[in-house]
Amino acid sequence: MAAYPSVGMLTTVTPDTTLRHDVAESGAVRAVDLSEEIAYAITVSHPLLDATDRDTVLNFYAANKNSLVTLSAGDGRTYDVLFTTEPTVEVINASRFTLTSNLFGNVQ
């Protein structure tokens, strides 16, 4: 399993319930718990990257967009994660970029 690139990053880890809500045909609300495990929505921000580090993250995404990867987050834990979207790129100036990746996974 590939490891998420360790270029400068900030992580936000949010528990994501496996409880799924919907409305029955009768109009009643209901919920189903799909797992006893806790999953996490993880946002990784890479502020002020140069073009080389920007390309490292984007190339990693291109090679692993459908694969389970490991992420060592700022909270000291390691997660098995999947990308939920392509990383966004914010151009700060001609030589600096901020990338944001959205991932979903669980603690190893």
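E5 and E6 form a hairpin with five residues between them, and Gly-76 in that turn has a positive phi of about 85°. Strand names such as these come from DSSP runs, numbered from the N terminus: a helix is H or I with at least four residues, a strand is E with at least two.

The model is predicted, so local features need pLDDT of at least 70 and side-chain atom pairs count only at pLDDT 80 or more, while totals for chains, interfaces and linings use all residues. Residues are numbered from 1 along each chain as its sequence is written, and side-chain values use heavy atoms, with hydrogens and water left out.

## Overall build

The protein has one helix and eight strands. Along the sequence they follow the pattern β-β-β-β-α-β-β-β-β. The C-alpha atoms fill a box of roughly 55 × 30 × 25 Å, taken along the principal axes. The radius of gyration is 17 Å, whereas a compact globule of 108 residues would have a value near 13 Å. That radius is taken over C-alpha atoms, and the globule rule is 2.2 Å times the number of residues to the power 0.38.

Of the 108 residues, 29% count as buried. Buried means under 20% relative accessible area, exposed means over 50%, and partly exposed lies in between (1.4 Å probe, protein chains only). A contact means heavy atoms within 4.5 Å. Among contacts with a separation of 6 or more, 65% join residues 24 or more positions apart.

## Strand pairing

Two strands pair if DSSP finds at least two bridges between them.

|---|---|---|
| E4 and E8 | eight bridges | Thr-43 and Asn-102 |
| E6 and E8 | five bridges | Leu-82 and Phe-104 |
| E7 and E8 | five bridges | Thr-88 and Thr-100 |
| E5 and E6 | four bridges | Val-69 and Val-81 |

E7 covers residues 88-93. A hairpin joins E7 to E8 through two residues.

Val-91 lies in strand E7. Is Val-91 buried or exposed? Val-91 is exposed, with a relative accessible area of 57%. Leaving aside neighbours within four places in sequence, Val-91 is in contact with Arg-96 and Phe-97. Its C-alpha atom is separated by 39 Å from that of Leu-34, 57 residues apart along the chain.

Arg-54 lies over the face of Phe-97, at 4.3 Å from the ring centre. A charge sits over a ring if NZ of Lys or CZ of Arg is within 6 Å of the ring centre and within 35 degrees of the ring normal.

## The nonpolar core

A nonpolar core is a set of buried Ala, Val, Leu, Ile, Met, Phe, Trp, Tyr and Cys residues joined through side-chain atoms within 4.5 Å. The largest one has 18 residues, of which Tyr-4, Ile-42, Leu-71, Val-81 and Leu-103 touch the most other members. Strand E4 (39-49), H1, strand E5 (69-72), E6 and strand E8 (96-107) each supply at least two residues of this core. E4 gives the most, with four residues.

## Aromatic pairs

Rings of Phe, Tyr and Trp (its six-membered ring) pair if their centres lie within 6.5 Å; planes under 30 degrees apart count as stacked, over 60 as edge-to-face and the rest as tilted. A search of the whole structure finds five aromatic pairs. The rings of Tyr-4 and Phe-60 have centres 5.7 Å apart and planes at 70°, so this pair is edge-to-face. Tyr-4 lies in the segment before strand E1 (10-16) and Phe-60 in helix H1 (residues 51-64), so the pair ties together parts that are 56 residues apart in sequence. Tyr-4 counts as buried at 7% relative accessibility. Phe-60 counts as buried at 13%.

Phe-60 also forms a tilted pair with Phe-83, at 6.3 Å centre to centre and 55° between the planes. Phe-83 lies in strand E6 (residues 78-83), so this pair ties helix H1 to a part 23 residues apart in sequence. Phe-83 is buried too, like Phe-60. Tyr-4, Phe-60, Tyr-61 and Phe-83 form one aromatic cluster.

Asn-64 is also placed in helix H1. At 12% relative accessibility, Asn-64 counts as buried. Not counting residues up to four places away in sequence, Asn-64 touches Ala-2, Val-69 and Phe-83.
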